[in-house]
Structures are given as structure tokens and as C-alpha cells.
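Thanks, everyone. Let me put the structure up, and then I'll walk through a few of its features.

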Amino acid sequence: MKSNAANLSTKSKSFLEDLRVYLFSSGKNSDGIESIVEELEVHLMEAEKKGKSIDNIIGQSPKEYMDQLSNEMTTDYKSWFKYIVIIIFGAFSFTIINDLFKGNLSYSLLELIGHISIAAIFILGIFSAFKYISANSISRVKEFAIYYVLGMLPLGLFIGLIFLNRTIETPVIQFGTTGTIITAIITFVILMAISWWARSWVIIIILALLSLPDYLLRQFALHEDTQLIVGTLISFGGIAVYLLISRKMSTT
């Protein structure tokens with residue numbers, strides 16, 4: 001079906017984009033989301049031709065309307081699980097790429113469990129933030145603040161993991177030279193596969209934001225803890241800015 005979004009008002013187009021994000025963050029099937037959005041486009045188009053506003057279709061509360069549509073749709077647990085697995089593997093890939101600059105890989109059992117836990121918490125935070133922002137009319141300043149807090153969340157968790165790892169001894173897995181090379185190749189393949197699947201540069205951009213600051217800061221005579229904190233602030237602050245810019249561009 002040919003989209004009528006180009007002929008809709010700015011408010012209607014913005015709502016449709018927010019609806020997509022809300023339903024996706026609620027774990028709904030992509031095809032089902034597009035079907036709902038296309039059907040709503042037609043209703044909004046007809047309403048605007050008659051001089052009616054979007055409020056005549058969705059009422060005064062966009063969030064209640066989105067909740068109603070979400071409750072009528074079946075949650076796509078299979079796709080939801082697929083996205084989570086991809087993000088977790090992607091997060092591990094970023095960590096490994098960053099550590100490859102330091103030499104042979106080695107991780108304690110606590111680090112491995114901690115990285116999985118932090119990635120899971122970050123994923124839940126991202127979807128919760130997207131869902132809240134798409135369903136509520138908030139200022140750009142508040143939206144940026146939410147993204148920035150979300151970006152800072154892993155900072156506190158990773159710092160806590162570092163100190164915890166120094167306090168609690170757990171078995172360490174040494175990869176060695178051969179294991180490091182094999183892991184690097186597998187990681188590269190995973191990143192390329194995720195980028196091809198997503199058909200987006202977002203993986204490469206976020207990888208650069210996570211890896212380059214730390215690598216560049218190591219060229220200066222900084223204390224290890226200071227380097228970690230500054231590098232993480234730059235990385236996740238940059239991710240927050242990137243997410244904000246991407247969202248703004250998608251709604252223009």
C-alpha cells in the first residue's frame with residue numbers, strides 16, 4: 001500500500017512515528033505494526049481532508065490510544081527474543097573489540113556474568129525509554145536528559161563491576177594468542193552479520209563511540225580509573241546524542 005504520510009500534517013506524521021516506536025518497544029510484530037500504521041494513515045488522511053484534527057481519531061490521550069492498540073495486538077516473543085540476543089551479542093562484540101587493543105583476551109567468570117547482566121539492564125532501559133518518550137509529549141531538554149541518564153546507567157554498573165571484580169575472586173578464562181585471533185574473527189563476522197541484518201550504520205557508529213575514546217585516551221598519561229571514567233562518559237554521552245539526533249531526523 002502506498003503511504004499517505006507525506007500528505008499528512010506534521011502532528012499526524014509525528015504521532016505515526018511515535019506509534020511505531022511504542023509498539024516496537026512493546027514487543028509487537030513488525031508486519032503487524034506496519035499494517036496498523038498504514039490503516040491509521042488512511043483514517044488520518046480522510047479526517048484531515050474533512051478539516052478534522054488528529055484528536056478526532058485518537059482522542060485527547062495518545063498514550064491511552066497506543067495502549068489500546070498494543071493490547072489488541074499479540075506480543076511477538078520470538079522476534080523480541082531475537083532482538084535481545086542480537087543486542088547482547090553485539091554488546092559483547094563491542095567489549096571484545098575494545099579489549100583487543102590491549103592484547104590477548106582474558107575474562108573472569110564474574111566479568112562475563114556482569115557484562116550479560118548490564119547488557120540486559122541496558123536493553124530494558126532502552127525499550128522503556130523509547131516507550132515512555134513516544135507516548136508522552138515532553139520537551140527536547142527532558143528527552144535529552146532521559147537519553148543521557150540512560151547512557152550513564154552502564155557507567156555506574158561497569159564501575160561497580162570493576163570494583164566487585166577486584167574484591168571477589170572468580171575463575172579467569174585465558175584466551176591466549178590463538179584464542180584471541182579466533183575470537184576476533186568470530187566477533188568481526190558477528191558485527192558484519194548484525195550490520196547486514198539491520199541494514200544500518202548504527203552498529204559501526206556505536207562501536208566507534210565505545211572503542212575509539214578509550215583507545216585515544218590510552219595515548220595520554222592518565223590514571224587507569226580516570227581514563228575509564230572519562231572514556232565511558234564520552235562514549236555513552238556520544239551515544240545519547242546520536243540517539244537524539246537520529247530520532248529528530250526520523251521525525252522531520
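Ile181, Ile185, Phe188, Val189, Met192, Trp201, Ile204 and Ile205 make up a nonpolar surface patch, with about 800 Å² of accessible area together. Two elements, α8 (176–198) and α9 (202–217), each give two or more residues to this patch. The largest share, five residues, is from α8. Val189 sits in α8. Val189 is partly exposed, at 48% relative accessible area.

A word on the source: this is a predicted model, where local features need pLDDT of at least 70, side-chain atom pairs count only at pLDDT 80 or more, and totals for chains, interfaces and linings use all residues. Residues are numbered from 1 along each chain as its sequence is written, and side-chain values use heavy atoms, leaving out hydrogens and water.

Cut-offs next. Buried is under 20% relative accessible area, exposed is over 50%, and partly exposed is in between, with a 1.4 Å probe and protein chains only. Patch residues have over 30% relative accessible area and no salt bridge; nonpolar side chains (Val, Leu, Ile, Met, Phe, Trp, Tyr) are joined within 5 Å, like charges within 9 Å. A salt bridge is a Lys or Arg side-chain nitrogen within 4 Å of an Asp or Glu carboxyl oxygen.

Now α4, residues 62–72. Tyr65, Met66, Leu69 and Ser70 are buried there. Down the axis of α4, its buried residues fall within an arc of 135°, so they line one face. Glu64, Asn71 and Glu72, on the other side, are exposed. What do the buried residues of α4 pack against? They pack against α1, α2 (30–49), α3 (55–58) and α6 (109–135), where contact means heavy atoms within 4.5 Å.

How values were computed. Accessible areas come from the Shrake-Rupley method with a 1.4 Å probe; for residues, only the protein chains shown count as cover. Helices (H or I, at least four residues) and strands (E, at least two) are DSSP runs, numbered from the N terminus. The arc is that of the directions from the helix axis to the C-beta atoms.
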